[in-house]
Amino acid sequence: MIIKYKIAVVGSGTMGNGIAHACAQSGNETLLLDINDNQLQDAISTIKNNLKRQLKKNIINQDEMNQILNN
């Protein structure tokens, strides 16, 4: 049985975006929060770039990438 969680990560710096990425990739609904909107947008870009790298290395496929971003 796979248990899914709703996770909120406060702070979108290096650790925060990495934790959010890992949680979303594990199939959990993930909310990334930051008081600095620019930092939050940078974090989302970082996550997308990391996912594109995983896609390029065939670690994930396009459907998985889309699902992770939806999470």
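## Around Leu-51

Leaving aside residues up to four places away in sequence, Leu-51 touches His-21, Gln-25, Ile-60, Met-65, Ile-68 and Leu-69, where a contact means heavy atoms within 4.5 Å. This is a predicted model, so local features need pLDDT of at least 70 and side-chain atom pairs count only at pLDDT 80 or more, while totals for chains, interfaces and linings use all residues. Residues are numbered from 1 along each chain as its sequence is written, and side-chain values use heavy atoms, with hydrogens and water left out.

## The core

Leu-51 also sits in the largest nonpolar core, along with Val-9, Ala-20, Ala-24, Leu-32, Leu-40, Ala-43, Ile-47, Ile-60, Met-65 and Ile-68. Helix 1 (14-25), helix 2 (37-56) and helix 3 (62-70) are the elements that give two or more residues to this core. Helix 2 supplies the largest share, four residues.

A core here is a set of buried Ala, Val, Leu, Ile, Met, Phe, Trp, Tyr and Cys residues joined through side-chain atoms within 4.5 Å. Buried means under 20% relative accessible area (1.4 Å probe, protein chains only), and 28% of the 71 residues in the chain qualify.

## The whole chain

Three helices and two strands make up the secondary structure, in the order β-α-β-α-α; these are DSSP runs, with helices H or I of at least four residues and strands E of at least two, numbered from the N terminus. The C-alpha atoms fill a box of roughly 35 × 30 × 15 Å along the principal axes.

Of the contacts with a separation of 6 or more, 38% are between residues 24 or more positions apart.

How values were computed
Buried means under 20% relative accessible area, exposed over 50%, partly exposed in between (1.4 Å probe, protein chains only).
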